[in-house]
Amino acid sequence: MYTSMTSARLTRALTVGFCVLLLALMILFPRLLAFYFAYLGASLQQKVMLAFYLCCPAAWAALVSILLLMTNIIHDRVFTAKTVFFMRLLSWCCAWVAAVCLGFGFFWAPLLVFALGAAFMTLILRVLKSVLARAVAIKEENELTI
Amino acid sequence: MAIVVNLDVMLAKRKLSSGELAAKVGITQANLSILKTGKAKAVRFSTLDAICQALDCQPGDILEYRKEEQQ
């Protein structure tokens, strides 16, 4: 039977999959860039590569946050300060990617689309984080009502 | 907090232990401890009613308002 726990486990498995994908991308990115974007020229390719590798730490931090978040959800630790912290971290990761893509978007315009997407994701995550923080406060108040 | 819980004083006056009061009121000792130490954020009327009944006192005997001094 498909339950919310199955969904959480599936999300965690997908996150692990993304970790592998990101690792593979980090190794193969220079070759992929040279193969698919040869028309960009060496100078622009270097800038795109720099943008990608600048985004990688944020991507790793986000993936680790999601993994820990899903583990907490599986262990029924949802409305805690740690969850709020992970959500905040995720939003900052997205904000970092948005900033990097915005900066390098001046050299290669398609990156501006990524910047817009990441900025919108940051906004959504900030709202979710605020809702979660309020829920944690309400839960704490409820627990301390005798 | 400006609201002080004087449960210890009333328990001493009535010569009751925390465990006995918790059993009479129908709450856990952990919750009673939260109440006694002033960590509680709110008290249900039903709990207050049960405490007053068990200790034969008024809510004012248990709860006290103290104006906080501004630093």
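Student: Which side chain does Lys139(A) meet in a salt bridge?
Tutor: Lys139(A) pairs with Glu143(A), at 2.8 Å from N to O. A salt bridge is a side-chain nitrogen of Lys or Arg within 4 Å of a carboxyl oxygen of Asp or Glu. This is a predicted model, where local features need pLDDT of at least 70, side-chain atom pairs count only at pLDDT 80 or more, and totals for chains, interfaces and linings use all residues. Residues are numbered from 1 along each chain as its sequence is written, chains are lettered from A and ligands numbered from 1 in the order in which they are written, and side-chain values use heavy atoms, leaving out hydrogens and water.

Student: How many residues apart are Lys139(A) and Glu143(A) in helix 4?
Tutor: Four, so about one helical turn separates them. Helix 4 of chain A covers residues 110–143. Helices here are DSSP runs (H or I, at least four residues), numbered from the N terminus.

Student: Is Glu143(A) buried, partly exposed or exposed?
Tutor: Partly exposed, at 48% relative accessibility. Lys139(A) is partly exposed too, at 34%. Buried means under 20% relative accessible area, exposed over 50%, and partly exposed lies in between (1.4 Å probe, protein chains only).

Student: How many salt bridges over all chains?
Tutor: Three. One of them joins Asp8(B) and Lys36(B), at 3.5 Å from N to O. Asp8(B) sits in helix 1 (residues 7–13) of chain B and Lys36(B) in helix 3 (residues 29–36), so the pair ties together parts 28 residues apart in sequence.

Student: And what does Arg66(B) meet?
Tutor: Glu64(B), in a salt bridge of 3.2 Å, N to O. Arg66(B) is partly exposed at 44%, and Glu64(B) is partly exposed at 28%.

Student: New topic. How much space lies in the largest pocket?
Tutor: About 910 Å³. On a 1 Å grid over the protein atoms alone, a pocket is an open set of points where a 1.4 Å probe fits, with protein on both sides within 12 Å along at least five of seven lines. Lining residues have an atom within 4 Å of a point.

Student: Which residues lie nearest its centre?
Tutor: Phe52(A), Cys55(A), Ala59(A), Val97(A) and Phe114(A), out of 31 lining residues.

Student: Which helix of chain A gives the most to the lining?
Tutor: Helix 2, with ten residues. Helix 1, helix 2 (42–74), helix 3 (81–105) and helix 4 of chain A each supply at least two.

Student: How does the lining divide into nonpolar, polar and charged?
Tutor: It has 30 nonpolar residues, one polar and no charged.

Terms used
Grid points are joined across faces, edges and corners, and a volume is the space filled by probe spheres set on the points. Ala, Val, Leu, Ile, Met, Phe, Trp, Tyr, Cys and Pro count as nonpolar, Asp, Glu, Lys and Arg as charged, and the others, Gly among them, as polar.
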